[in-house]
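Subject: Structure for your review

Dear colleague,

Please find below the sequence and structure that I am handing over to you. My findings follow directly after it, and I would be grateful if you could read them with the model open.

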Amino acid sequence: MSLIVVAECLAASGKEDRLRTALEAMIEPSLEEPGCLAYQPYADPNRPARMVIVEEWTGPRALAEHFATPHFRHVRQVLDLVLAEPMTLRKLVAAPVG
């Protein structure tokens, strides 16, 4: 069963472009990871400082491996410098039907 991750970020004032650049730089290396099924950042059109990343992983192990990659460790350092508040991370699985 795949694991959906929704990560929400709020850039500090004046850091919106740096946040967008950092998250866009994560797309290609994340999609190249064997356990990554989808990775897409989205911007809030009503609040440019807020961005959401929607990811799909083959499971918890693939996500844990993602967190250990050099590109994730790098973006984590950048986020520490540009976020106005800690990133929120939600892990979701498909709801049972029936």
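T69 sits in the loop that links α2 (60–67) to α3 (70–82). Please note that this is a predicted model. T69 counts as buried because its relative accessible area, 13%, falls under the 20% limit. Its side chain reaches back to H66, where the backbone oxygen lies at 2.8 Å.

S30 belongs to helix α1, which covers residues 16–31. With a relative accessible area of 0%, S30 is buried.

As to the strands, β2 (residues 36–43) pairs with β3 (residues 50–57) in the antiparallel sense, over 7 bridges. The two strands form a hairpin, with 6 residues between them. Within this pairing, P41 has I53 in β3 as its bridge partner. As a general point, side chains in a regular strand alternate between the two faces of the sheet.

The loop between β2 and β3 contains R47. Is R47 buried, exposed or partly exposed? R47 has a relative accessible area of 40%, and is therefore classed as partly exposed, a class that lies between the limits of 20% and 50%. The C-alpha atom of R47 is separated by 9.2 Å from that of L10, although the two residues are 37 residues apart along the chain.

The volume of the largest cavity is about 110 Å³. It is lined by 13 residues, of which A7, Y39, E55, F72 and M87 are the closest to its centre. The elements that give two or more residues to this lining are α1, β3, α2 and α3. Which element provides the largest share of the lining? That share comes from α3, with 3 residues. By class, the lining of the largest cavity comprises 11 nonpolar residues, 1 polar residue and 1 charged residue.

With kind regards

How values were computed: Residues numbered from 1 in each chain as written. Predicted model: local features only at pLDDT ≥ 70, side-chain atom pairs only at ≥ 80, totals over all residues. Heavy atoms only, no water. Helix = DSSP H or I, 4+ residues; strand = E, 2+ residues; numbered from the N terminus. Buried < 20%, exposed > 50% of the residue type's maximum accessible area, 1.4 Å probe, protein only. Polar contact = N/O pair within 3.5 Å; in protein donor to acceptor, adjacent residues only side chain to side chain. Pairing = 2+ DSSP bridges. 1 Å grid on protein atoms, 1.4 Å probe; cavity = no way out; pocket = protein on both sides within 12 Å on 5 of 7 lines; lining within 4 Å. Points joined across faces, edges and corners; volume = space filled by probe spheres on them. Nonpolar A, V, L, I, M, F, W, Y, C, P; charged D, E, K, R; others polar.
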